[in-house]
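Dear colleague,

I am handing over the structure that we spoke about, and I would be glad if you kept it open while you read on.

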Amino acid sequence: MKRERATEMLHEMLDNLDAGSRPLDLIDEVYVFGSYARGALQPGDLDVAVVHRTDTEFTEHVVGALMYGRDPMAGMKRALKGSKRGFQFQFNQNDRLPEGAEPRLLWKRGDTRATAEARLQGMTADPSAGRAPRDAMIEQFEGLDRWIPLPMRTRLVELLNAGGIEIRRIELTAAEPTSPAAVAALGRRWKPDSPLRRAAAAAVRYTEDTGMSPPSVWVQGQPLDHRRDQYGAGALWINLGWYHFDQLVFRLREGAQSLEIVRPTRTQPLHALHITVCDATVLPPL
């Protein structure tokens, strides 16, 4: 998009922040980074980093969204951008942005509108600044990066480049497990039309069809079979929509493997990243 259009979109976002409607009343700071912050005349998507608080109501909303396979931050995104497209948001992830991102403060709670506008005007155009390359991209992420948050891409690429892990990309077949016990276990957790159930079923079926036979399979944090709940070596963790991604290194160091379903969905293709350990000695300490 042209820079003028991106600037107009940021003005409109400031309007929404000034209104402060729920859940924007939880936001403390908003930063801009990437091509626009660097001054590009034709930036790609607007990269925006949001720092926010949570309360009981918001937490309950997030948990409910995750249970049904929805984006838990969709409401906050809509409140910030309205119906506009072209934003890429990061929430409470400033400490995990890639090196050189240099987020620039746009708005913080208590600002006057004039202060925020002055910060926006300070992000001046620079004809020599082209669009920033997509950060932390590898072949396995192509076409999926919009559903893999930048901090997670960064972490995975760091582990891959260090030689600690291997990442294989898989397209799962939407199918039921052949095991009646597995079907029953998934049915106890999710409704038949849940995108999480569809994704979990496809992942479990994948383990059957490929003959993986891990000593235990964990689905979204719970063992598929409570009689086989080995936590460490060889265990397979099936995670839907980056559930508990912060535990990945701990699980890998224990010798487990991870099957990350990038985007659980009711009807669209189901893509997964199969992450296995190559050298646990180079994984970062816990």
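Below is an account of what was found, starting with the whole chain and ending with single residues.

This is a predicted model, in which local features need pLDDT of at least 70 and side-chain atom pairs count only at pLDDT 80 or more, while totals for chains, interfaces and linings use all residues. Residues are numbered from 1 along each chain as its sequence is written, and side-chain values use heavy atoms, with hydrogens and water left out.

**The protein as a whole**

The secondary structure comes to nine helices and 10 strands, where helices (H or I, at least four residues) and strands (E, at least two) are DSSP runs numbered from the N terminus. Along its principal axes, the C-alpha trace spans about 60 × 40 × 30 Å. The radius of gyration is 21 Å, which agrees with the value near 19 Å that a compact globule of 286 residues would have; this radius is taken over C-alpha atoms, and the globule rule is 2.2 Å times the number of residues to the power 0.38.

Of the 286 residues, 44% count as buried, a word that here means under 20% relative accessible area, with exposed standing for over 50% and partly exposed for what lies in between (1.4 Å probe, protein chains only). The accessible surface of the protein comes to about 14300 Å², and 48% of that belongs to carbon and sulfur atoms; such areas come from the Shrake-Rupley method with a 1.4 Å probe, and for residues only the protein chains shown count as cover. Taking contact to mean heavy atoms within 4.5 Å, 63% of the contacts between residues at least 6 apart in sequence join residues at least 24 apart.

Strands of a sheet pair through backbone hydrogen bonds, either parallel or antiparallel. In this account two strands pair if DSSP finds at least two bridges between them. Strand 1 (residues 27–33) has five of its seven residues buried, so it is largely enclosed by the rest of the structure. Strand 1 runs antiparallel to strand 2 (residues 46–52), with six bridges joining the two, and valine 32 stands opposite valine 48 of strand 2. Strand 1 also pairs with strand 4 (residues 104–108), again in the antiparallel sense, over four bridges; here glutamate 29 stands opposite lysine 108.

Strand 10 (residues 270–277) is mostly covered, since six of its eight residues are buried. Strand 5 runs antiparallel to strand 10 and is joined to it by eight bridges, with isoleucine 170 having alanine 272 in strand 10 as its bridge partner. Strand 9 (residues 257–261) is likewise antiparallel to strand 10, through four bridges, and the partner of glutamate 260 in strand 10 is leucine 273. Strand 6 and strand 8, by contrast, pair in the parallel sense over three bridges, and valine 217 has leucine 236 of strand 8 as its bridge partner.

**Single residues to look at**

A cis peptide bond, with omega of about 5 degrees, joins arginine 22 and proline 23; proline 23 lies in the loop between helix 1 (3–19) and strand 1.

Serine 213, in the loop between helix 8 (195–209) and strand 6 (217–219), has a positive phi near 45 degrees although it is a residue other than glycine, and it is exposed, with a relative accessible area of 62%. Histidine 244, in the loop between strand 8 (236–240) and helix 9 (248–253), also has a positive phi, near 50 degrees, and is partly exposed at a relative accessible area of 36%.

Threonine 154, finally, has its place in helix 6 (residues 150–161) and is buried, with a relative accessible area of 11%. Not counting residues up to four places away in sequence, threonine 154 touches Arg96, Pro98 and Ala136.

With kind regards
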